[in-house]
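Subject: Structure handover

Hello,

Please find the structure below, with my notes after it.

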Amino acid sequence: KTITSRQNDLIKSVDNLKKAKVRKEQQQFVAEGLRTVQSLLAHYEPINIYLTQKAFDTHHFNISRDLIIIVSDEVMQKISSSKTPSGILCVFSIPSNKGKKLTPGLVLANITNPGNMGTLIRTAAAMNLKTVVIIDGTDVWSPKVIQSTAGTLACVNIFQLSWDELIQQKRGLKLCALIVKDGLSPDKINLQQSLIVVGN
């Protein structure tokens with residue numbers, strides 16, 4: 001399938017996923033770039049992948065050809081959040097955490113900078129932590145956060161909770177907050193069964 005019109009209804013719907021409200025309603029998010037898309041394809045369910053002709057000729061994706069849509073450079077520019085699009089953009093379903101339990105990991109409390117949130121998620125993945133709890137702050141499914149995680153989002157379970165929900169669901173896990181002074185040194189605390197709270 002090929003789309004060359006920026007006014008195409010499907011293209012308009014993808015472009016609308018730049019809005020947090022629409023992402024929440026549709027339960028979908030957008031990822032861009034070869035490394036990020038390839039990493040997410042191994043774990044998340046793709047809805048469609050949009051490729052420029054150059055990207056289609058250059059890269060191979062192990063998904064059904066029915067999900068591949070070739071778009072013109074102008075269309076890619078419209079749906080991309082990047083000033084210089086990679087030519088690779090994929091729409092995914094936001095994964096459900098139904099039935100999953102909290103395990104030791106990070107709590108990101110009111111992190112408003114998308115780049116910081118993405119970096120912290122990447123750090124959690126690098127430390128082999130499987131749980132990242134998001135409380136308020138920026139939308140974890142925004143294109144800027146997705147981009148800054150560099151695909152490591154697929155390595156963790158994302159839970160979007162309120163403080164009350166976190167308290168109810170943490171069970172035996174301790175909450176350990178990072179503070180500026182007068183706290184205990186991390187080497188004096190057993191962090192094995194803890195959720196480390198990082199604030200704005």
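This is a predicted model: local features need pLDDT of at least 70, side-chain atom pairs count only at pLDDT 80 or more; totals for chains, interfaces and linings use all residues.

Residues are numbered from 1 along each chain as its sequence is written, and side-chain values use heavy atoms, with hydrogens and water left out.

Confidence is given as pLDDT, the predictor's value for each residue on a scale from 0 to 100. The protein chain has a mean of 93, and 100% of its residues reach 70 or more. The lowest confidence is in α3, with a mean of 92, and the highest is in strand β7 (residues 131-135), at 97.

Helices (H or I, at least four residues) and strands (E, at least two) are DSSP runs, numbered from the N terminus. Buried means under 20% relative accessible area, exposed over 50% and partly exposed in between, with a 1.4 Å probe and protein chains only.

In helix α3 (residues 34-41), Thr36, Val37, Leu40 and Leu41 are buried. Seen down the axis, these residues fall within an arc of 125° and so line one face of α3; the arc is taken from the directions from the helix axis to the C-beta atoms. They pack against β2 (28-32), β3 (46-51), β5 (88-93) and α7 (143-149), where contact means heavy atoms within 4.5 Å.

The buried residues of α6 are Met117, Gly118, Ile121, Ala124 and Ala125. They cover an arc of only 120° around the axis, which puts them on the same side of α6. Their cover includes β6 (105-109), β7, α7 and β8 (157-160).

There are five aromatic pairs. Rings of Phe, Tyr and Trp (its six-membered ring) pair if their centres lie within 6.5 Å; planes under 30 degrees apart count as stacked, over 60 as edge-to-face and the rest as tilted. Phe29 and Phe92 are stacked, at 5.5 Å centre to centre and 20° between the planes. Phe29 lies in strand β2 and Phe92 in strand β5, so this pair ties together parts that are 63 residues apart in sequence. Both Phe29 and Phe92 are buried. Ring pairs also link Phe29, Tyr44, Phe92 and Trp141 into a cluster.

With a disulfide taken as a pair of cysteine sulfur atoms within 2.5 Å, the count is zero. For Cys155, the nearest cysteine sulfur is that of Cys90, 17 Å away. Cys155 is partly exposed at 38% relative accessibility, whereas Cys176 is buried at 15%.

Regards
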